[in-house]
Amino acid sequence: MGLLFVCTSALAYPDRPVKLIVPFPGGSQTDLVARMVAQQLTAQLGGAFVVENRPGAVGTIAATQVARATPDGYTLLVTSAGVQAMNYSLFKELPYKPADFAAIGRVASTGMVLMVKSDSPIKSVSDLVQAAEANRGKLSAGYGSPGSQIALASFKSLAKIDVLDIPYKGIPNAVTDMLGGQIDFTFVDFGTALAQAKGGALRALAVTPAGGSSLMPEVSALAKFYPDYSTSSWYGVMAPADTPKKILELLSAALARSMQDPSLVPGLAALGVEPAFMDAAQFQQYIDKEITSWAEMIKLANIQKQ
């Protein structure tokens, strides 16, 4: 009853549709997580939470829109490690900064999968490295998010290979081109990877979490080949800075109730993620640490700021 009282007194929030801005295209893992979040928040709070995709510029278009939005709780960002932590070390100038946002909660964690087309002659990580060495600078690799860019750069650095990097608006776009034979390999989010592997279109060579993944237990971690290799990501919800505290608390509590529901686990696994909830305070502290951690990783990968 306490939460309902707060909801009624805090501008009867939500009394109109709430936009969940997604930095990547429909069908991307971020988009699929956002739609799960929208469904859960709609059920928990009784208002309409609607996903709006704003892809482009490696997530900066969507993040900037939310950073500049009226801080009333009606424009939120479903964000990722790339947008909220990595971009600060990938770009010389960003139209947004950490202080432009207020944390609501982290919802899930995940990793990536190194993949090639199923009919590719490359059948293993060793095959890929050998092909890159034999065709220096000629193999092409796509990336469609900050996470996939860093996963690729770290792999190139540790494997000491030279390939042609091709940027995309989102991972689904990179996958489409790989299926069409336009690029040779890419790093794919687990949600897309599971679907493509099951359908037989793509072949998984390795996963990025150092300990492997329960989502693809049969696929080795890249750390097996390069012990220093480890990348993982996460998803969460942010609001513009100065959003009323009662609204932030209401949203965080609704997310917490949602993520404690064990019936969500199979659905999340189908998306390629695992539940990993943090409340607003925990999430904010975590983001601060992630900004520093990714800065170090990006420096080690020798990625130059754009």
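What you're looking at is a predicted model, where local features need pLDDT of at least 70, side-chain atom pairs count only at pLDDT 80 or more, and totals for chains, interfaces and linings use all residues. Residues are numbered from 1 along each chain as its sequence is written, and side-chain values use heavy atoms, with hydrogens and water left out.

**The whole protein**

The protein has 11 helices and 11 strands; these are DSSP runs numbered from the N terminus, with at least four residues of H or I for a helix and at least two of E for a strand. Its C-alpha trace spans about 65 × 40 × 30 Å along the principal axes. The radius of gyration is 19 Å, which agrees with the value near 19 Å for a compact globule of 306 residues. That radius is taken over C-alpha atoms, and the globule rule is 2.2 Å times the number of residues to the power 0.38.

**The sheet**

Five strands make an open sheet in the order β7-β6-β8-β5-β9, and the pairing is mixed. (Two strands pair if DSSP finds at least two bridges between them.) Because β7 (164-167) and β9 (202-207) each have a single partner strand, one side of each edge strand is left without a neighbour in the sheet. Neighbouring strands here are turned by 35 degrees against each other on average, direction ignored. Angles run from 0 to 180 degrees between N-to-C directions of axes, which are lines fitted to C-alpha atoms, for helices over the stretch in contact.

Strand β5 (residues 112-117) runs antiparallel to β9, and five bridges join them. K117 has L202 of β9 as its bridge partner. Helix α7 (residues 171-179) packs on this sheet and touches β5, β8 (185-189) and β9, with its direction at about 140 degrees to that of β8. Contact here means heavy atoms within 4.5 Å.

**The two pockets**

A pocket is an open set of points on a 1 Å grid over the protein atoms alone, where a 1.4 Å probe fits, with protein on both sides within 12 Å along at least five of seven lines; lining residues have an atom within 4 Å of a point. Volume is the space filled by probe spheres set on the points.

| Pocket | Volume | Lining residues include |
|---|---|---|
| Largest | about 190 Å³ | S154, D228, Y229, M297 |

Which element gives the largest share of the largest pocket's lining? That's α6, with three residues. Both α6 (146-159) and α11 (280-300) give two or more.
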